[in-house]
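Work through the exercises below with the model open. Try each task before reading its solution.

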Amino acid sequence: MEEDMRITDLPTYDELMLPTIEALKEEGGSSRRQEVVLAVAIRLDLTDEHLDVRYESSGAPIFADRISWALSYLKMGGATDNSKRGVWALTELGWSIESEDQVKSLLKDVQSEKGRASSRRPKEESLDDQDPAPCEELAPDSEHWKGRLLERLLDMTPSAFERLTQRLLREAGFRDVEVLGQSGDGGIDGVGVYRLSLVSFPIFFQCKRHKGQVSAGTVRDFRGAMAGRGEKGLLVTTGTFTRGAREEEPRRCASC
């Protein structure tokens, strides 16, 4: 009989940092923690027995906990970031990391900074002594930030815009969001699973990154691409919709 799986059979958090980055890259640059856990486990060819090794005190799964530590250290090093909705994403630095040496250098910097921070005495500062953060440029009532944002979106490559859409859907609560086709294929760009109460169903999406209007024909083509695969879809665009496109919308295709 084989011995029970032990804690020492599992990779340590620092050994998981590079596989975590690689898994996030495969997921388009962003993913939920549990999706990262499964993706890394597949990359490392781990079994269900590995994933089920637990702490004796709390009963929490150790591998998933070590992935959390890996993500946290990567965040402290500026390689990842996470939102309040639990979506983890690579930063520009994270995308640039490709080797264990880069990870070791990042981890060394993080640990050094933690050591310096613990030796420094916190400085007490009242709110009155703090300089207000400059926020006029992107204030909510300032209109020009929308134009600047639109310019950035239009400057994106088609594949980058698809990854952004993937991230937005994850932030909105979608699971297993996947980019499917190649940029410019004119069909379905991706699919995600949305859960409504006890029911889960796939929602397909198509990305249109342009200044013009989305026509009724584009909506009908999208619906045709979904035929036999699903009934619910999102057409994500930086442009606007013609009146005909909006009239097509209630039939089966949602827009945003």
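## Exercise 1: Aromatic pairs

Tyr13 has a relative accessible area of 23%, so it is partly exposed. Buried means under 20% relative accessible area, exposed over 50%, and partly exposed in between (1.4 Å probe, protein chains only). This is a predicted model: local features need pLDDT of at least 70, side-chain atom pairs count only at pLDDT 80 or more, and totals for chains, interfaces and linings use all residues. Residues are numbered from 1 along each chain as its sequence is written, and side-chain values use heavy atoms, with hydrogens and water left out.

**Task.** Classify the ring pair of Tyr13 and Tyr73 from centres and planes.

**Solution.** 
- Step 1. Rings of Phe, Tyr and Trp (its six-membered ring) pair if their centres lie within 6.5 Å; planes under 30 degrees apart count as stacked, over 60 as edge-to-face and the rest as tilted.
- Step 2. Count the pairs. The structure holds four aromatic pairs.
- Step 3. Apply the criterion. The Tyr13 and Tyr73 centres are 4.8 Å apart and the planes stand at 25 degrees, so this pair is stacked.
- Step 4. Tyr13 is in the segment before α1 and Tyr73 is in helix α4, 60 residues apart, so the pair links distant parts of the chain. Helices (H or I, at least four residues) and strands (E, at least two) are DSSP runs, numbered from the N terminus.
- Step 5. Check burial. Tyr73 has 9% relative accessibility and counts as buried.
- Step 6. Ring pairs link Tyr13, Trp69 and Tyr73 into a cluster.

**Task.** Repeat the classification for Phe174 and Tyr194.

**Solution.** 
- Step 1. The centres of Phe174 and Tyr194 are 4.9 Å apart and the planes are at 45 degrees, so the pair is tilted.
- Step 2. Phe174 lies in the loop between α8 and β4, and Tyr194 in strand β5 (residues 190–196). They are 20 residues apart.
- Step 3. Phe174 is buried at 7% relative accessible area. Tyr194 is partly exposed at 28%.

## Exercise 2: The three-stranded sheet

**Task.** In what order do the strands β1, β2 and β3 stand, and in which sense do they pair?

**Solution.** 
- Step 1. Define pairing. Two strands pair if DSSP finds at least two bridges between them.
- Step 2. Read the order. The open sheet runs β1-β3-β2, with antiparallel pairing.
- Step 3. Find the edges. β1 and β2 each have a single partner strand, so one side of each is left without a neighbour in the sheet.
- Step 4. Neighbouring strands are turned by 25 degrees against each other on average, direction ignored.
- Step 5. Follow the bridges. Strand β1 (residues 30–32) pairs with β3 over three bridges; Arg32 has Val87 as its bridge partner, and Ser31 stands opposite Trp88.
- Step 6. Do the other side. Three bridges also join strand β2 (residues 80–82) to β3, and Asn82 stands opposite Trp88.
- Step 7. Inspect the turn. The hairpin of β2 and β3 has four residues between the strands, and Gly86 there takes a positive phi near 85 degrees.

**Task.** Which way do the side chains of β3 point?

**Solution.** 
- Step 1. In a regular strand the side chains alternate between the two faces of the sheet.
- Step 2. In β3 (residues 87–90), Val87 and Ala89 point one way, and Trp88 and Leu90 the other.
- Step 3. All of these are buried.

Notes. Axes are lines fitted to C-alpha atoms, for helices over the stretch in contact, and angles run from 0 to 180 degrees between N-to-C directions.
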